[in-house]
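Take a look at the model below. Where does the ligand sit?

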Amino acid sequence: MTDKIRWGIMSTGYIATEFAKALAILPDAEMAAVGSRSQASADAFGMRFDIPHRHAGYEALAEDPDVDVVYIGTPHNLHRENALLCLDAGKAVLCEKPFTINAAEAQEIIEVARRKQLFLMEAMWTRFIPAIRKIRGMLADGVIGEPRMVMAEFGFRPPFEPDGRLFDPQLGGGALLDLGIYPITLAWLIFGPPQEIVSRASIGATGVDEQNAVVLSYGQGQLAVLASSLQAETPQEAHIIGTQGRIRIHAQWWHPTMFTLSLNGREDQTITVPMGGNGYNYEAAEVMSCLRAGKPESNVMPLDESLAIMKILDQLRAQWGMSYPME
Ligand SMILES: NC(=O)c1ccc[n+]([C@@H]2O[C@H](COP(=O)([O-])OP(=O)(O)OC[C@H]3O[C@@H](n4cnc5c(N)ncnc54)[C@H](OP(=O)(O)O)[C@@H]3O)[C@@H](O)[C@H]2O)c1
């Protein structure tokens, strides 16, 4: 490995562009290569971000000897196949959320990475955002007493495009895998594995969940009340309520810079935790620090937690009788 960590970027869509912007502000990151389904798109992306190797096709990117780690920004249904392609080529991988379509696919890529002793991580950027880390520290210190309830949601109303990745079952569409994974992650960070899961979903014209509501319950009676929607623009806030007070994480809570602490009998305190860049730089920095330390996975986003969360998503879809065509 050279001094800089050499990144390859797989795909040139929305999130790949955001991720490239994030890498651009990290001095120890080098954008060495990009791979796209089309040469024209790889060239345009390469020009924009000054990336020297511009590949038509993902195989060529995975095989590029000047790449240390590949960032996968393709639709969910391709994550398994794309991750396997990179791992088989001996590359470390940072793969967008949701890690895969289901737990069986997640298990498969985790096993391959572990067998080959290659770094693998799900790009669940929320875990690395400074305000979220601060809140986790405050909870560990008992600032709001013992957390008893989490309420979190993520909803917006995109135009209905049956062939777009948000609605097309072939591309892993639906609110849960795209948005619902965030509130479920927050509940996991606070309460760990749920004891019981109940839910309802509205299945739309294309056969995917256009919105859903989820209640998770835990051993000592704690509750998480969660929702995600492609039909409704929600407040996009999260609330963590404890025995001695509560934290309201302001919109958009999955990459916040501000939260309000309300302690019983005290005046509210609004706390700002600034963020450098667009927020994706923190997960990228974690990957680079793990690679430099020779760690095969991140302590902040462990593979077993990616798998456990995929299992929750599987269970929810099973409750709704919803499966994807590739399952
Ligand atoms: N962490 C976050 O905040 C965040 C935000 C948005 C999305 N995401 C995740 O990132 C992934 C991609 O989302 P996105 O919003 O970036 O999607 P997008 O804008 O549609 O981009 C996806 C890219 O994947 C490639 N691709 C390969 N096969 C494709 C196919 N059959 N249909 C469409 N695109 C295909 C295309 O790039 P080429 O043509 O260059 O190959 C396309 O531009 C999803 O898994 C999503 O959950 C994460």
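What follows goes from the ligand and its surroundings to one threonine.

The model is predicted. The ligand sits in the largest pocket. In total, 23 residues surround the ligand. The closest are Thr 12, Ser 36, Tyr 58, His 76 and Tyr 280.

Now turn to the polar contacts. His 76, one of the closest residues, comes up again here. An N or O atom in the His 76 side chain is 2.8 Å from an oxygen atom of the ligand. Arg 165 also uses its side chain: a polar atom there lies 3.0 Å from a ligand oxygen. Thr 74 uses its backbone instead. One of the backbone N or O atoms of Thr 74 lies 3.3 Å from an oxygen atom of the ligand. How much of the ligand does the protein bury? Taken alone, the ligand exposes 890 Å², and the protein buries 81% of that.

Is Thr 126 buried or exposed? Its relative accessibility is 3%. Buried means under 20%, so Thr 126 counts as buried. Which residues is Thr 126 in contact with, leaving aside its neighbours within four places in sequence? They are Ile 132, Tyr 182, Trp 253 and Trp 254.

Technical notes:
Residues are numbered from 1 along each chain as its sequence is written. This is a predicted model: local features need pLDDT of at least 70, side-chain atom pairs count only at pLDDT 80 or more; totals for chains, interfaces and linings use all residues. Side-chain values use heavy atoms; hydrogens and water are left out. Buried means under 20% relative accessible area, exposed over 50%, partly exposed in between (1.4 Å probe, protein chains only). Contact means heavy atoms within 4.5 Å. A residue is near a molecule or strand if one of its heavy atoms lies within 4 Å of it. A polar contact is a pair of N or O atoms within 3.5 Å; within protein, one must be able to donate a hydrogen and the other to accept it, and residues adjacent in sequence count only if both atoms are side-chain atoms. Accessible areas come from the Shrake-Rupley method with a 1.4 Å probe; for residues, only the protein chains shown count as cover. On a 1 Å grid over the protein atoms alone, a cavity is a set of points where a 1.4 Å probe fits but cannot get out, and a pocket is an open set with protein on both sides within 12 Å along at least five of seven lines; lining residues have an atom within 4 Å of a point. A molecule sits in a cavity or pocket if more than half of its atoms lie within 2 Å of its grid points.
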